[in-house]
Amino acid sequence: MDAQLARIHDAAPAVENFGQALVAGLGKTPKQISAKYFYDAAGSQLFDQICELPEYYQTRTETALLNRHAGEIAALMGPHAEIVEFGAGSLRKVRILLEAAKPRTYLPLDISGDYLRHVVRDLAVDYPTLQVAPVVADFTLPLDIPGDARRAGFFPGSTIGNFRPDAATALLRRMRGTLNGGGLLVGVDLVKDPARLHAAYNDAAGITARFNRNILLRANRELGADFDADAFIHYAPYNVQMQRIEMYLVSLKRQIVTLCGAQFEFAQGEPLYTEDSHKYTIESFREMAARAGFTPRAVWMDEERLFSIHWLESR
Ligand SMILES: C[S@@+](CC[C@H](N)C(=O)[O-])C[C@H]1O[C@@H](n2cnc3c(N)ncnc32)[C@H](O)[C@@H]1O
């Protein structure tokens, strides 16, 4: 049978938003931009390379957990489920759930539209009887997902860590609203030795630095900006107090950047704040999920307690 590939539901005028967001963020102190703008096609590909790095334990640990507990997860999702994946990326991890849970429909949702279109084509070839309905959207905005079926949510990769706790709670609550009573499977990176965390975001091959700098190159490509990207260095310390990696691009020289008809001055040594990556304990994440209106149920962790996967039920 041919792949049941629905027309792409495109709800993200992402380029327009990027320009407005960057102009607004460069006007703040410190200068800042949301991490969601990392993800154009080049950024998504660089993220996939990060997932292969020896220092980046997150992807292989979460994948191993999914493989080990796929049967239990499939039972919780139920037969013929409709799975919606938030921030779907490469669609690699979901294949484990597709094999185990045999869902009827899969809705991969991502802001990175070109990349989503590309990876969905390969998935549809490999799963010819699965209904695949990709959604290009920003999950921080109100979501208009077609249909009103009860859904099983999948939110891997510790993308939840990119949000400050209040925003993360609000995001989980909004996701719950799209599940129509179904549960949510969330991957959450755990608090651990700061040296291990530091290494994961400061890899020896410099891929995370390229990923970080891509946001400037994207602005140059899409918005006609003139960042001297080579004059920015990647800086990603672990803030022990806040239990998060903070990612910056630091200008090594004074430079004036023009974009969207406006000019912004970077002093020598001035940072652009690009990403937070919050780490949780099992308890602190479960408390947050409860604040978002979920009942936290199963939790799976590896022996080293590096990473966790949570099954949250809608109340
Ligand atoms: C950390 S990566 C995780 C990718 C993949 N789920 C994984 O586990 O490896 C974050 C993913 O979420 C997407 N994303 C980030 N912010 C988003 C937003 N506001 N709305 C929709 N997708 C978003 C990115 O394009 C990217 O694919």
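The buried residues of helix α10 pack against α7 (165-178), β9 (184-189), β16 (294-301) and β17 (307-314), where contact means heavy atoms within 4.5 Å. Helices (H or I, at least four residues) and strands (E, at least two) are DSSP runs, numbered from the N terminus. The model is a predicted one, in which local features need pLDDT of at least 70 and side-chain atom pairs count only at pLDDT 80 or more, while totals for chains, interfaces and linings use all residues. Residues are numbered from 1 along each chain as its sequence is written, and side-chain values use heavy atoms, with hydrogens and water left out.

Helix α10 spans residues 282-291, and its buried residues are Ile 282, Phe 285, Met 288 and Ala 289. Here buried means under 20% relative accessible area, exposed over 50%, and partly exposed in between (1.4 Å probe, protein chains only). Seen down the axis of α10, these buried residues fall within an arc of 135°, so they line one face of the helix; the arc is that of the directions from the helix axis to the C-beta atoms. After α10 comes Gly 293, with a positive phi near 95°.

Arg 305 lies in the loop between β16 and β17 and, at 48% relative accessibility, counts as partly exposed. Its C-alpha atom is separated by 9.3 Å from that of Asp 189, although the two residues are 116 residues apart along the chain.

Helix α4 also has a buried side. In α4, Ala 70, Ile 73, Ala 74 and Met 77 are buried. Viewed down the axis of α4, they fall within an arc of 100°, so they line one face of the helix. The face turned away from that buried side carries the exposed residues Gly 71 and Ala 75. Gly 78, whose phi is positive and near 85°, follows α4.

The loop between α4 (70-77) and β4 (82-86) contains His 80. This residue is exposed, with a relative accessible area of 58%, and has a positive phi of about 55° although it is not a glycine. Most residues other than glycine have a negative phi, and most peptide bonds are trans. Lys 102 likewise is not a glycine, yet has a positive phi of about 45°. Lys 102 follows helix α5 and is placed in the loop between α5 and β5 (105-110), where it is exposed, with a relative accessible area of 53%. Within α5 itself (residues 94-101), the buried residues are Val 94, Ile 96, Leu 97, Leu 98 and Ala 101.

The peptide bond from Thr 29 to Pro 30 is cis, with omega near -5°. Pro 30 is found in the loop between α1 (14-26) and β3. Strand β3 (residues 31-32) includes Lys 31, which is buried, with a relative accessible area of 8%. The side chain of Lys 31 reaches the backbone oxygen of Glu 265 at 2.8 Å. This is a polar contact, that is, a pair of N or O atoms within 3.5 Å; within protein, one must be able to donate a hydrogen and the other to accept it, and residues adjacent in sequence count only if both atoms are side-chain atoms. Residues up to four places away in sequence aside, Lys 31 touches several others, among them Gly 25, Leu 26, Phe 266 and Tyr 273.

Attention now turns to the ligand. It is surrounded by 18 residues, of which the closest are Gly 87, Lys 93, Asp 110, Asp 138 and Phe 139; a residue is near a molecule if one of its heavy atoms lies within 4 Å of it. The shell divides into seven nonpolar, six polar and five charged residues. In this division Ala, Val, Leu, Ile, Met, Phe, Trp, Tyr, Cys and Pro count as nonpolar, Asp, Glu, Lys and Arg as charged, and the others, Gly among them, as polar.

An oxygen atom of the ligand is 2.5 Å from an N or O atom in the side chain of Asp 110. A nitrogen atom of the ligand is 2.7 Å from a polar backbone atom of Gly 87, and a nitrogen atom of the ligand is 3.2 Å from a polar backbone atom of Ile 111. Taken alone the ligand exposes 580 Å², of which the protein buries 95%; accessible areas come from the Shrake-Rupley method with a 1.4 Å probe, and for residues only the protein chains shown count as cover.
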